[in-house]
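Take a look at the structure below. This briefing covers its nonpolar cores and some backbone angles.

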Amino acid sequence: MSDVEHGQEGLPPDEDSVAGAAHEDQHAGEGDHQADGVDGDEFEDEDDFEDDEDDEGEEGAPLAPMRCGFVALVGAPNAGKSTLLNAAVGSKVSIVSPKVQTTRSRVLGIGMHGRAQILFVDLPGIFTPKKRLERAMVAAAWSGAEDADLVAVLVDASRRVDDDTNGIVERLKESKRKAILILNKIDLIPYERLLELAARFNETGVFTDIFMISALTGDGLTDFLDKLAARLPESPWLYPEDQLSDMPQRLLAAEITREKLFLQLHQELPYAVAVETEAWEEFEDGSVKISQIVYVQRPNQKAIVLGKGGSKIKSIGAAARVELEEILDRRVHVMLFVKVREDWAEKPDSYSQWGLDFNA
Ligand SMILES: Nc1nc2c(ncn2[C@@H]2O[C@H](COP(=O)(O)OP(=O)(O)OP(=O)(O)O)[C@@H](O)[C@H]2O)c(=O)[nH]1
Ligand SMILES: [Mg+2]
């Protein structure tokens, strides 16, 4: 048996969640709060928008100016960048796993926060790369940081400050680039430890602000988003307000399957896989059939990914289907084919589809 197919058993979605609905909920909760608070002390010297008669709220009160800008999320692998992006957007846009180096390329997440459209740029973790793919990932992270209006450095506060994080701070310092520090995972540690960490990073002179949050529980998130929104340049929004990302659906679907591979495989295997959506067929009953190729690098890896009697790939496909049904809000069939392609990580076309630089 060379390939395994499955997914025909797809069930109708049992949840109403639509990708676009999350934003609407978020708006409902945050609109008032934004209008009277966000621009407070930090932008007193900006436009006197009370003079602008066109920019009035329903009761004649002036609306805060529209803001929009890119915020790059950088940090060592596993700091919680993708978790934060999803929490800020209010929907699953970027994949998350307990393993390092989950994110491989830039992922845009569009967060609406009152009158601000915060364009979060989730990036691969920054570490010392050895392989070609790793070099491309780290290069993408730094170029994402360079292109952004604001750089936010995420640190896993529950762990010892590692060399990767120190290296990031050092490079920002050398380039004289100011950044925002986010101490994440505060649900895991006592407050005293946070204060020590904050003092330590404050001494570097790189950070204009320090926030303490839990991307997982949402603790500290609203305050962080309020302050961040106020920092963005005045600008019309660049995307429709119900859009969550610029990622094509085929790529998102491939990423969801890759997340399930990361969650269900171990040791070096997650790093040996790549996923490509090969076909996307829509049916009259509203369902969609998504066919994907899971590339591995060696025949023995293929055997593990398939599992006994195809059980592993079946369970990976089922998990992907459940999540895709939730995201796409319709019935989904996922067909996975496992193929050995020894050199997928050495082929330029793999890199171009993820927006990575093959020669980084
Ligand atoms: N306890 C706790 N866990 C968190 C928090 N934020 C993220 N995590 C967990 O940390 C792990 C890594 O999260 P990711 O969001 O994938 O981290 P990342 O920085 O995007 O990692 P890479 O893409 O590999 O660079 C996952 O298991 C998350 O559930 C947090 O605030 N508290
Ligand atoms: Mg990530």
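In which loop is Asp-329 found? Asp-329 sits in the loop between helix H9 (311-328) and strand S9 (332-340). Keep in mind that this is a predicted model.

**Positive phi angles**

- Most residues other than glycine have a negative phi.
- Asp-329 is not a glycine, yet its phi is positive, at about 55°.
- Lys-185 is another residue other than glycine with a positive phi, near 65°.
- Lys-185 lies in the loop between strand S5 (179-184) and helix H5 (191-202).

- Lys-185 has 22 other C-beta atoms within 10 Å, so it is buried, as the cut-off is 20 or more.
- Asp-329 has 17 other C-beta atoms within 10 Å, so it is partly exposed: that count falls between the cut-offs of 12 or fewer and 20 or more.

**Nonpolar cores**

- In soluble globular proteins, nonpolar side chains tend to be buried together.
- The largest nonpolar core here holds 62 residues. Within it, Val-71, Leu-73 and Ala-152 touch the most other members.
- Helix H3 (residues 132-147) supplies the largest share of this core, with seven residues.

**Around Leu-73**

- Leaving aside neighbours within four places in sequence, Leu-73 is in contact with residues including Lys-81, Leu-84 and Leu-85.
- Phe-120, Val-121, Asp-122 and Leu-123 are also among the contacts of Leu-73.
- Ala-152 and Leu-154 are in contact with Leu-73 too.

Terms used: Residues are numbered from 1 along each chain as its sequence is written. Chains are lettered from A and ligands numbered from 1 in the order in which they are written. This is a predicted model: local features need pLDDT of at least 70, side-chain atom pairs count only at pLDDT 80 or more; totals for chains, interfaces and linings use all residues. A nonpolar core is a set of buried Ala, Val, Leu, Ile, Met, Phe, Trp, Tyr and Cys residues joined through C-beta atoms within 7 Å. Helices (H or I, at least four residues) and strands (E, at least two) are DSSP runs, numbered from the N terminus. Two residues are in contact if their C-beta atoms, placed from the backbone, lie within 7 Å.
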